[in-house]
Amino acid sequence: MAEGKKKSKKKGAIVGVVVMIVVLLLAALAYGWIALMPGYISSDKAVENYFNAISNEDSKLYKKACFTTKWRDDYNIQSEKSLDDKIAETFSLQSGATYSNLAIVSEEKLDKEYAEKMEDSVKNRYGIDMSVSQIKSVSFTIDTTFDGQNLNSGTVTRYCYKSGGKWFFLADPEVLIDINIEG
């Protein structure tokens with residue numbers, strides 16, 4: 001009987017080790033998805049990091065805040081201008097401005113038709129098939145410093161899209177016009 005208890009303890013230990021390995025692998029996968037892949041769990045983090053990228057002219061953060069991996073990777077293949085050139089152009093238009101004190105006022109989910117229009121726009125403009133599950137309007141206030149002057153924005157509304165379970169800031173002006181949420 002003592003031998004049976006030893007075997008059951010050994011089986012229990014093996015099962016425990018296997019369960020621990022599975023849990024660690026799942027935790028590593030979750031960490032990789034959250035920390036290493038572009039995009040964010042929440043739309044407010046996408047907005048915040050977009051403005052941090054603009055303030056610091058950080059193209060790596062800009063890409064993470066605005067573009068899915070597929071969009072980012074396929075953009076250079078399909079477009080006349082490289083993504084880095086497009087981002088540099090954006091930085092030059094906003095050069096010298098820094099943003100701080102972002103406060104989200106409200107978020108509103110838009111109808112599914114806007115997500116479908118965005119998919120069509122990105123496909124037509126860049127030849128990229130991507131899945132957009134949702135678009136939100138995000139209203140916020142933010143302080144802007146430009147040429148030493150501090151300005152409060154009042155309430156500003158911008159848009160975020162969800163793809164692959166993550167949120168991104170929708171910064172492409174042509175796509176915004178195509179989906180009729182900004183003109």
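**Conventions**

The model is predicted, so that local features require pLDDT of at least 70 and side-chain atom pairs count only at pLDDT 80 or more, while totals for chains, interfaces and linings use all residues. Residues are numbered from 1 along each chain as its sequence is written, and side-chain values use heavy atoms, with hydrogens and water left out.

**Whole chain**

Along the sequence the pattern reads α-α-α-α-α-β-α-β-β-β-α. Of the 183 residues, 36% count as buried; buried means under 20% relative accessible area, exposed over 50%, and partly exposed in between, with a 1.4 Å probe and protein chains only. The accessible surface comes to about 10900 Å², and 54% of that surface belongs to carbon and sulfur atoms. Such areas come from the Shrake-Rupley method with a 1.4 Å probe, and for residues only the protein chains shown count as cover. Among contacts (heavy atoms within 4.5 Å) between residues at least 6 apart in sequence, 68% join residues at least 24 apart.

**Helix H2**

Select residues 43-56. This is helix H2, with 14 residues and a reach of 20 Å from its first C-alpha to its last, close to the 20 Å expected at 1.5 Å a residue. The expected span is 1.5 Å times one less than the number of residues. Show the side chains of Ser-43, Ala-46, Val-47, Asn-49, Tyr-50, Phe-51, Ala-53, Ile-54 and Ser-55, which are the buried residues of H2. They pack against helices H3 (59-66) and H5 (83-93), and against strands S1 (98-109), S2 (134-146), S3 (149-163) and S4 (166-169).

Centre on Ser-43, which lies in H2 and is buried at a relative accessible area of 1%. Which side chain makes a polar contact with that of Ser-43? The partner is Glu-107, at 2.3 Å. A polar contact is a pair of N or O atoms within 3.5 Å; within protein, one must be able to donate a hydrogen and the other to accept it, and residues adjacent in sequence count only if both atoms are side-chain atoms. Not counting residues up to four places away in sequence, Ser-43 touches Glu-107, Lys-136, Val-138, Cys-160 and Trp-167.

Next select Tyr-40, in the loop between helix H1 (2-36) and H2. Tyr-40 is buried, with a relative accessible area of 9%. Its side chain is joined to that of Asn-49 by a polar contact of 3.1 Å.

**The nonpolar core**

Select Tyr-50, Tyr-62, Trp-71, Met-118, Ile-135, Tyr-161 and Leu-170, the residues with the most contacts inside the largest nonpolar core, which has 45 residues. H2 gives the most to this core, with six residues. A nonpolar core is a set of buried Ala, Val, Leu, Ile, Met, Phe, Trp, Tyr and Cys residues joined through side-chain atoms within 4.5 Å. Around Tyr-50, the residues touched include Tyr-62, Cys-66 and Phe-169.

**Helix H6**

Select residues 112-126, helix H6. Its 15 residues should span 21 Å at 1.5 Å a residue, in agreement with the 21 Å between its end C-alpha atoms. The buried residues are Tyr-114, Ala-115, Met-118, Ser-121, Val-122 and Tyr-126. Seen down the axis of H6, they fall within an arc of 120°, so they line one face of the helix; the arc is that of the directions from the helix axis to the C-beta atoms. H6 is followed by Gly-127, whose phi is positive, near 70°.

Most residues other than glycine have a negative phi. Glu-57 is not a glycine, yet has a positive phi of about 45°; it is found in the loop between H2 and H3 and is partly exposed, at 42% relative accessible area. Asn-101 has a positive phi near 55°, is placed in strand S1 and counts as exposed at 56% relative accessibility.

Technical notes. Helix = DSSP H or I, 4+ residues; strand = E, 2+ residues; numbered from the N terminus.
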